[in-house]
Amino acid sequence: MLKLSITDSNKYILWVPYLYTFYSRTNSVRDFVVNAATSWVPAFILILVLSGLSFLDSIVFFISGYVLFLCVYEIGYVANDSYGLIHDETPRDRLGVSPTKGFLSGFVIVRLFVFLLLSLKLNILHDYVFVTAYSALILLLVAHNTLRRVEIKFFTFFQLSLFRYSLPVVPALVVESELPSVELVFLLAAATFTLPRFITYLDAKGRLDLPERKLQGFLMKAYCAVTPIVIYLAVLHQSLAPVLVLIWLLFVQFVYRLAAPKW
């Protein structure tokens, strides 16, 4: 994927929400497509099915929810990529530029402004579910970036992954008064999104030896393995949403296996 090189002279473009995620976490077309297929599309499906919103409104709410989430999460990314590296056993320089005080101040201010603007526009800043969720996210980001013991970071990472999947969906459910569905989204996240990422995180930190994880059919088997609990969630909440998400993820893996030699 073609991307501009980030240097000290042009790093201020990273003030725009999502661009920091794109430049620091997206290294190829494959990375972008995988993220969209395994995170964005399932979130859109959940909004569309669980909220009852129209197709276009579901797109608008997903984009809004995702930007709200990034406005907070990217501040955590910057903290992780600067201060968090001090005590990281496996540090990685994501961008190779020095974050000055001026850059960091603008980075945070822009995101706080966009977060407040979107929250007020959606009229959810007063909702206790929304406020509690983002309060928990902020606490987790602070803990994850300040804890020195990697074995404790595993717990904060697991929770951050749940929020990464779920929070873009929450605003639509809050606005449409579908609060019981919030729990469903978190449980589905744990089974289909967080668990595979958690295994990858353990491997990256040198605390797990699972060579099968890198085999082409690993995720296909993993999704099949969690099918019973996904079906149970669908029955428990009387919703097809979990099954539709699982079918989509299995389809993605099928397409990936066909396209793998070309990546």
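Predicted model: local features only at pLDDT ≥ 70, side-chain atom pairs only at ≥ 80, totals over all residues.
Colleague: Why is the pair of tyrosine 12 and tryptophan 15 called edge-to-face?

Modeller: Their planes stand at 90 degrees, with 5.3 Å centre to centre. Centres within 6.5 Å make a pair, and planes over 60 degrees apart count as edge-to-face, so the label holds. By this rule the count comes to 24 aromatic pairs.

Colleague: What makes tyrosine 12 partly exposed?

Modeller: Its relative accessibility is 38%. Buried needs under 20% and exposed over 50%, so a value in between is partly exposed. Tryptophan 15, at 27%, is partly exposed as well.

Colleague: Why is the pair of tyrosine 12 and phenylalanine 103 edge-to-face?

Modeller: The ring centres are 5.9 Å apart and the planes are at 65 degrees, so the pair passes the cut-offs of 6.5 Å and 60 degrees. Tyrosine 12 lies in the segment before α1 and phenylalanine 103 in helix α4, so the pair ties together parts 91 residues apart in sequence.

Colleague: How do you know whether phenylalanine 103 is buried or exposed?

Modeller: Its relative accessibility is 4%. The limit for buried is under 20%, so phenylalanine 103 is buried.

Colleague: What makes aspartate 81 and arginine 25 a salt bridge?

Modeller: The N to O distance is 2.6 Å. The cut-off is 4 Å, so the pair qualifies. Aspartate 81 is in helix α3 and arginine 25 in helix α1, 56 residues apart. Aspartate 81 has 13% relative accessibility and counts as buried.

Colleague: Why is arginine 25 said to lie over the ring of tyrosine 77?

Modeller: Arginine 25 lies over the face of that ring, at 3.8 Å from the centre. The distance limit is 6 Å, so 3.8 Å falls within it.

Colleague: What does arginine 111 meet in a salt bridge?

Modeller: Glutamate 74, at 2.8 Å, N to O. The bridge links helix α4 to helix α3, across 37 residues.

Terms used
Residues numbered from 1 in each chain as written. Heavy atoms only, no water. Phe/Tyr/Trp six-rings, centres within 6.5 Å; stacked < 30°, edge-to-face > 60°. Buried < 20%, exposed > 50% of the residue type's maximum accessible area, 1.4 Å probe, protein only. Helix = DSSP H or I, 4+ residues; strand = E, 2+ residues; numbered from the N terminus. Lys NZ or Arg CZ within 6 Å of the ring centre and 35° of its normal. Salt bridge = Lys/Arg side-chain N within 4 Å of Asp/Glu carboxyl O.
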